[in-house]
Every structure is written in structure tokens, then in C-alpha cells.
Amino acid sequence: MAAELKALFRPRSMPEAIELLEAHGDRARPLAGGTALMVGRSPRVEVLVDLGLLGLDRLEVGAEPEPGARIGAMATASSLARWLKGAGRGAGLTELLGEAAESIGSRILQNHVTVGGNCVMVYAWSDLPVALWCLDARFVAEGKAGSRTIGADRFFAEHPSHVLGSGEILTWILVPRPPRGAGGAYLKVTRNATDHGLASAAAQVVLGPDGSVLTARLALGAVRGLPQTLPTAAAALCGQRAPGPEQLAAIGRAAAEEAKVTADFRAGAEYRRDLVRTIVEDALERALARAARARQGGAA
Amino acid sequence: MRIALTINSELRELEVAPGETLLDALRGAGYTGVKRGCEAGTCGSCVVLLDGTPSFSCLLFAAACEGRKVTTIEALGAPNRPHVIMSAFAEEAGVQCGYCVPGMVLTTHALLEQNASPSEEEVRGALDGHLCRCTGYVKQVRAILKAAERLAEERAAGKESSR
Ligand SMILES: Cc1cc2nc3c(=O)[nH]c(=O)nc-3n(C[C@H](O)[C@H](O)[C@H](O)COP(=O)(O)OP(=O)(O)OC[C@H]3O[C@@H](n4cnc5c(N)ncnc54)[C@H](O)[C@@H]3O)c2cc1C
Ligand code: FES
Ligand code: FES
């Protein structure tokens with residue numbers, strides 16, 4: 001990128017950042033962790049606008065009426081994971097999101113990658129979009145026309161970089177507080193500790209007082225170019241009371257059937273489909289165990 | 001463009017191109033302990049500490065590091081006055097060609113600041129961003145556990161003598 005890049009700006013206010021992006025149009029990009037911008041080196045990008053001085057790295061427990069987590073787009077994956085284990089516990093989120101953050105590349109890479117950058121520049125291997133879609137997060141974007149909030153279904157329906165207008169900045173990610181009796185898990189299969197995933201799955205379930213599944217959400221990553229949700233397989237779990245291994249195996253098979261899967265040099269489509277079957281089953285098993293614990297803990 | 005940042009506790013001003021990596025800027029300024037490997041965030045040879053946190057200098061725009069504190073291997077020690085971690089690496093044969101070692105020593109330093117007595121598993125986890133083509137890691141893991149022990153002994157001895 002060294003040769004092509006003509007300027008790197010470090011604005012100290014949001015209006016200034018938006019103005020810089022507007023002024024340079026398609027030649028400019030927001031700079032977050034810089035990992036994709038550095039490795040991707042596009043000759044079309046001549047101007048970078050660093051979002052690092054805008055206070056967007058904050059992590060907050062949302063206040064009523066919007067409880068849950070307010071995640072600044074510039075928070076790094078490692079700071080998110082640390083926060084979720086400490087102060088962020090108050091946001092009531094399940095383990096799912098932290099597990100996804102800790103799945104990204106290597107630990108050192110997690111010090112670079114931002115939540116916003118990971119979500120805007122979605123690749124086949126991206127981890128946080130899978131988790132945040134499963135958690136039905138909302139995405140706040142700011143541009144010249146003001147601020148708007150985009151639901152996960154819309155944000156990830158196509159590539160998020162097309163959902164955002166040019167000059168629009170993703171500022172916050174809002175994760176709703178899961179209801180009582182919720183449990184979640186994120187699982188990823190890789191060839192080694194730091195390679196891109198072959199398949200990943202996020203599962204979130206909510207158990208009612210009698211142990212029956214009130215709601216279930218499933219999302220997949222790494223099995224094709226973009227993440228996806230599996231509404232049909234997830235719906236098949238709803239209403240079941242204390243689902244056991246046989247029921248979960250059936251949901252795994254339904255997930256493998258529903259998933260859109262492509263082949264690449266890492267794995268063939270058939271193998272990936274089989275991975276989907278097993279990791280969905282495993283992620284659900286873990287999520288259900290956690291939900292059951294949350295139920296019991298809450299009742300005590 | 002001109003940027004000011006702290007390198008190894010010294011305030012420095014550097015002239016950098018907008019697209020220049022921190023890796024290039026540091027090597028250009030004489031900090032050649034920072035090694036160039038993959039330049040894609042996959043090998044760890046370029047690791048420095050950015051405000052104390054292990055970071056790939058090949059993935060950082062130097063211009064965006066204005067005002068930050070950078071620590072390179074030069075700050076920790078030198079062959080004639082090695083840091084405890086460096087000595088442990090040498091003694092345990094955790095150094096062969098040595099190319100991966102500056103980064104690993106810095107990551108180790110950051111790990112031990114946070115966790116004075118890591119388990120073997122924690123050490124292996126902390127090193128997951130570093131590739132070594134020579135040692136097979138076993139000896140480096142041993143070196144890090146030894147360094148942790150020594151530093152703990154030093155701290156204990158320091159407490160004794162200050163009593
Ligand atoms: C070796 C390696 C391994 C990796 N492994 C994984 C992995 O296993 N899992 C995973 O999930 N990711 C992985 N990644 C990270 C992933 O590929 C991207 O590099 C990363 O998510 C980009 O985040 P960033 O903060 O560095 O964004 P940047 O590189 O700064 O930005 C990426 C793009 O998004 C835009 N952008 C960023 N933030 C905003 C914002 N707030 N508003 C509007 N636009 C914005 C930028 O303009 C740019 O176009 C890996 C990266 C590397 C280099
Ligand atoms: S040179 Fe930076 S990680 Fe390889
Ligand atoms: S000692 Fe040669 S690469 Fe590690």
C-alpha cells in the first residue's frame with residue numbers, strides 16, 4: 001500500500017471524519033485495525049481516515065430501555081473478549097460472543113482486528129459476524145444524512161460494505177440482552193490453531209421454566225463466502241423439552257441440509273456439509289447445557 | 001509526514017510515508033531487531049509491543065502510531081546484558097537461527113507482565129501468533145517457563161532484601 005497511499009488523516013471528531021470521507025469519495029476508506037487494508041492493498045485506495053481518535057473503542061452495558069451490550073466499532077476483538085469476562089458480564093450475554101472473538105486468527109491478531117472492521121469487511125472466515133447475527137445484533141451507522149440503525153438480517157443479507165453508503169461509518173454494535181434461561185456457544189473447526197476456519201457455528205437457545213426450548217437461533221460461518229443463518233433447523237428445535245442426543249443429531253442433519261456450502265482448496269463441499277452437521281450438534285449441546293445452568297442459577 | 005512517538009522510552013520524531021508500515025519505519029530508524037517475515041500477520045517475526053500489547057508491526061500504519069509507546073527488542077537487552085528471558089532462551093536452546101526470537105521474547109515479556117506464572121498451556125496459547133522454523137517450540141516453551149521461574153525468584157529475593 002506504501003506507494004499508492006497519498007494521505008492518512010486522523011480526525012478528532014465524527015463530523016470531521018465524515019467530511020473527510022465525503023470529500024475524497026471512492027478514493028477514501030475508514031481505517032480501523034488496518035489488517036484487511038494492509039494485507040488487501042487496493043491501488044484504488046489513496047486516502048485513509050483513521051477512526052482511532054473518535055472514542056469508538058468503548059464497551060458499555062446498555063442502559064434501559066436498551067439493555068445488553070453497546071460495543072464500539074473500534075473495540076478490538078481482544079478487548080471485547082476481556083470485557084465480556086469482566087465488567088461486560090453485566091450485559092447478560094452468553095459465552096458465544098467471547099468465544100467467537102477468541103477464534104479470530106492468533107491472539108496477537110486479536111489485538112489488531114476491530115469489531116467494526118470484522119463486521120464491515122466480511123470474509124468467508126470471519127467470526128464475529130456469525131456470532132453477532134446469531135445474537136440478532138443491530139448496527140448503528142453515521143453519515144452526512146445522520147445516524148441509522150440496521151438490523152443484522154439486513155446488515156448481513158448482502159456484503160455489509162455495500163449496505164453502508166460511501167462516507168458512512170459503522171459506530172456502534174448493539175447486542176440485545178438475552179432473556180432469562182439463555183445459553184450460547186460458538187465452535188469453529190480449523191486445520192491448525194491459526195488457519196481460517198473450515199466451518200463455524202453459533203448457537204443460542206432460551207429455555208423455559210419447564211426445560212422446553214422457547215427460542216433457538218443458529219448461524220454458520222466459513223462454509224461459503226458469507227455467513228448465513230439456519231432458521232428452519234433452529235425452528236425445528238423450538239418447543240422440544242430437554243432435547244437429548246437423538247433430537248440434536250436430527251437438528252444437525254437438518255442444518256446440513258439447509259446450509260449453503262461451497263468448496264475451496266481447504267475442503268470439499270461434502271466434507272464441509274458433514275462438518276456443519278457435527279458442529280451444529282455440538283454447539284447446540286453446549287448452548288443447551290449453559291442455558292440449563294442459567295435457568296437453575298436464576299431460580300436458586 | 002512527520003510523526004512523534006515513544007520508542008523504547010525515548011521520544012522520537014520520524015518522517016514516514018502515509019502508507020508506510022511501522023515495521024519499515026522502525027527498521028529504517030535503526031531498530032533492526034524488528035524482523036521482516038511474511039508481512040501479512042501470520043509469522044510473528046515483526047512483533048513489537050504497542051502500549052505494552054504484542055502487535056504485528058507489519059500490519060500497522062506508522063502514521064497511525066503517532067503518540068503511542070513502542071517497545072522493540074532493543075529495549076529489553078543486548079548480547080552483553082541479556083534480559084532474563086533472553087538468557088533462558090539461549091540456555092534452553094530456544095534459539096537456532098534466531099529470526100523468530102525477538103518477537104517471541106517480546107510476547108513472552110508481555111505475557112509474564114500479565115501472568116507471572118503461566119501454565120504450559122497458557123504459554124503455548126500466547127505464542128500462537130509466532131512461527132519458528134527451527135526449534136519445534138518445545139525448547140522455547142521450556143525457556144519461557146524457566147524465565148517465569150527466575151523472574152519470580154528475583155522478585156522474591158528483591159522483597160527479602162527490601163525488608
Ligand atoms: C493472517 C490473518 C488471519 C485472520 N484470521 C481471521 C479469522 O480467523 N477470523 C476472522 O474473523 N478474521 C480474521 N482475520 C481478520 C479479517 O480478515 C480482517 O482483516 C479484519 O476483520 C478487518 O478488521 P480491521 O479492524 O483490521 O479492519 P480494517 O482493515 O481497518 O478495515 C477493513 C475494511 O472495513 C472498512 N471499515 C472498517 N471499520 C469500519 C467502520 N467502523 N465503518 C465503516 N467501514 C469500516 C475499512 O474501510 C476497510 O475497507 C485475519 C486477518 C489476517 C491478516
Ligand atoms: S512480518 Fe509481520 S507477522 Fe510476519
Ligand atoms: S530459531 Fe529459527 S525461526 Fe525460530
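Which element gives the largest share of the shell around ligand 1? Let us walk through this predicted model with that question in hand, starting at the ligand and then moving out to the domains. The answer is α2(A), which supplies 4 residues of the shell.

In total, 35 residues surround the ligand, and the closest are Pro30(A), Gly34(A), Thr35(A), Thr114(A) and Asp127(A). By residue type, the shell divides into 19 nonpolar, 12 polar and 4 charged residues. Although the closest residues belong to chain A, the site is shared between chains, because residues from both A and B surround ligand 1.

Now have a look at the oxygen atoms of the ligand. A backbone N or O atom of Ala32(A) lies 2.8 Å from an oxygen atom of ligand 1, and a backbone N or O atom of Gly105(A) lies 3.1 Å from a ligand oxygen. With Trp125(A), the side chain takes part: one of its polar atoms lies 2.9 Å from an oxygen atom of ligand 1. How much of the ligand does the protein bury? Taken alone, ligand 1 exposes 980 Å², and the protein buries 95% of that.

From here, let us turn to the domains of chain A. The domain assignment gives domain 1 (59–176) and domain 2 (182–295), and the C-alpha centres of these two domains of chain A lie 20 Å apart. Across their boundary, 24 residues of domain 1 are in contact with 27 residues of domain 2. The area buried between the two domains of chain A is about 2000 Å², with carbon and sulfur atoms giving 62% of it. On the domain 1 side, Val130(A), Trp133(A) and Cys134(A) lose the most area to domain 2, together 29% of what that side buries.

Chain B is also assigned two domains, domain 1 (2–75) and domain 2 (84–161). The C-alpha centres of domain 1 and domain 2 of chain B lie 22 Å apart. Here 16 residues of domain 1 are in contact with 12 residues of domain 2. The buried area between these domains of chain B is about 1100 Å², and carbon and sulfur atoms give 70% of it.

Notes: Residues numbered from 1 in each chain as written. Chains lettered and ligands numbered in written order. Predicted model: local features only at pLDDT ≥ 70, side-chain atom pairs only at ≥ 80, totals over all residues. Heavy atoms only, no water. Near = heavy atom within 4 Å. Polar contact = N/O pair within 3.5 Å; in protein donor to acceptor, adjacent residues only side chain to side chain. Areas by Shrake-Rupley, 256 points an atom, 1.4 Å probe, with all protein chains shown as cover. Helix = DSSP H or I, 4+ residues; strand = E, 2+ residues; numbered from the N terminus. Nonpolar A, V, L, I, M, F, W, Y, C, P; charged D, E, K, R; others polar. Domains from an automatic or database assignment. Contact = heavy atoms within 4.5 Å. Buried area = accessible area lost by both parts, 1.4 Å probe.
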